[in-house]
Amino acid sequence: MATYNNNEALIQDLSKGKEEAYIFLLEKYHRKLFAYTLTLIDDRALAQDIVQNVFIKTWKFRKKLKANYPIQSFLYKMAYHEFVDEYRQGKKLLPLEDKYYKHMFEVVEETNEYKLERFLGLLSKEIEKLPPKCREIFRLSKQEGLTNKEISEHLSISVRTVEVQIRKAYNRLRDSLGDQYETVFFLLYGRPVLR
């Protein structure tokens with residue numbers, strides 16, 4: 001697979017219709033974009049549809065991409081607009097929700113790719129340090145999107161145990177990540193963190 005070290009080269013090859021540039025784009029950004037979209041909409045299938053639409057539209061309009069505009073910002077902006085379109089089809093966006101989603105988008109857009117990668121790496125490392133049961137429950141909740149009830153049924157434990165383990169994970173991650181804790185969780189999960 002081709003690797004692209006700069007934004008301009010990637011966009012130029014995408015504009016020319018080079019398949020390896022598109023594959024690189026998919027492999028580099030699909031997971032990140034899906035995680036971001038899940039912070040907007042708590043529905044894995046719908047989040048996947050939104051991400052798929054973003055990549056289809058990116059390919060369709062590849063000749064209009066600007067070489068001086070970061071592709072990551074473009075993808076996140078597209079995902080945000082796809083989400084808003086999808087959300088408005090189902091119900092009216094309340095003013096407070098609209099402000100929340102706009103603020104979240106601004107935070108993501110202001111966070112450069114290097115910083116986002118660093119946050120993801122830092123969080124992954126700290127999640128690995130959690131006790132095994134705590135780590136498993138946290139992943140099922142935050143990365144797989146299962147509800148506390150679904151986790152309790154899946155692991156044959158009480159809902160209360162699930163809640164305690166998730167809170168324990170949050171506390172440990174907050175202690176280890178320090179000041180970056182709020183930003184990391186807002187970027188990845190889009191929800192206020194538990195206190």
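Predicted model: local features only at pLDDT ≥ 70, side-chain atom pairs only at ≥ 80, totals over all residues.

Residues are numbered from 1 along each chain as its sequence is written, and side-chain values use heavy atoms, with hydrogens and water left out.

**The whole chain**

Of the 195 residues, 41% are buried, where buried means under 20% relative accessible area, exposed over 50% and partly exposed in between (1.4 Å probe, protein chains only). Among the contacts with a separation of 6 or more, 61% are between residues 24 or more positions apart, contact being defined as heavy atoms within 4.5 Å. The accessible surface comes to about 11,300 Å², and carbon and sulfur atoms hold 52% of that area; the areas come from the Shrake-Rupley method with a 1.4 Å probe, and for residues only the protein chains shown count as cover.

Select residues 148-155, which form helix α8, and pick out I151, S152 and L155, which are buried. These three cover an arc of only 100 degrees around the axis, which puts them on the same side of α8; the arc is that of the directions from the helix axis to the C-beta atoms. An α-helix has 3.6 residues a turn, so residues three or four places apart point the same way. On the face of α8 turned away from the buried side, look for the exposed residues K149 and H154.

Now return to S156, which lies in the loop between α8 and α9. Its positive phi occurs in a residue other than glycine, and S156 counts as exposed because its relative accessible area is 67%.

**Helix α9**

Move on to residues 159-177, the 19 residues of helix α9, which at 1.5 Å a residue should span 27 Å; the end C-alpha atoms are 27 Å apart, which agrees. The expected span is 1.5 Å times one less than the number of residues in the helix. Colour V162, Q165, I166, A169, Y170, L173 and L177, the buried residues of α9. Seen down the axis of α9, these buried residues fall within an arc of 140 degrees, so they line one face of the helix. On the other side of α9, R160 and D175 are exposed. After α9 comes G178, whose phi is positive, near 60 degrees.

**Aromatic pairs**

A search of the whole structure finds four aromatic pairs; rings of Phe, Tyr and Trp (its six-membered ring) pair if their centres lie within 6.5 Å, and planes under 30 degrees apart count as stacked, over 60 as edge-to-face and the rest as tilted. Select Y36 and Y76, whose ring centres are 4.8 Å apart with the planes at 70 degrees, so the pair is edge-to-face. Y36 lies in helix α2 (residues 19-40) and Y76 in helix α4 (residues 71-90), so this pair ties together parts that are 40 residues apart in sequence. Both Y36 and Y76 are buried.

Next, select F138 and Y170, an edge-to-face pair at 5.9 Å centre to centre, with 85 degrees between the planes. F138 lies in helix α7 (residues 132-143) and Y170 in helix α9, so the pair ties together parts that are 32 residues apart in sequence. F138 counts as buried at 0% relative accessibility, and Y170 is buried with a relative accessible area of 5%.

While still in helix α7, select S141, which counts as buried at 10% relative accessibility. Leaving aside neighbours within four places in sequence, S141 is in contact with L146, I151 and I166.

**Charges over rings**

Finally, select R62 and W59: the charged end of R62 sits over the ring of W59, 4.0 Å from its centre. The criterion is that NZ of Lys or CZ of Arg is within 6 Å of the ring centre and within 35 degrees of the ring normal. K28 likewise lies over the face of Y29, at 5.7 Å from the ring centre.

Notes. Helix = DSSP H or I, 4+ residues; strand = E, 2+ residues; numbered from the N terminus.
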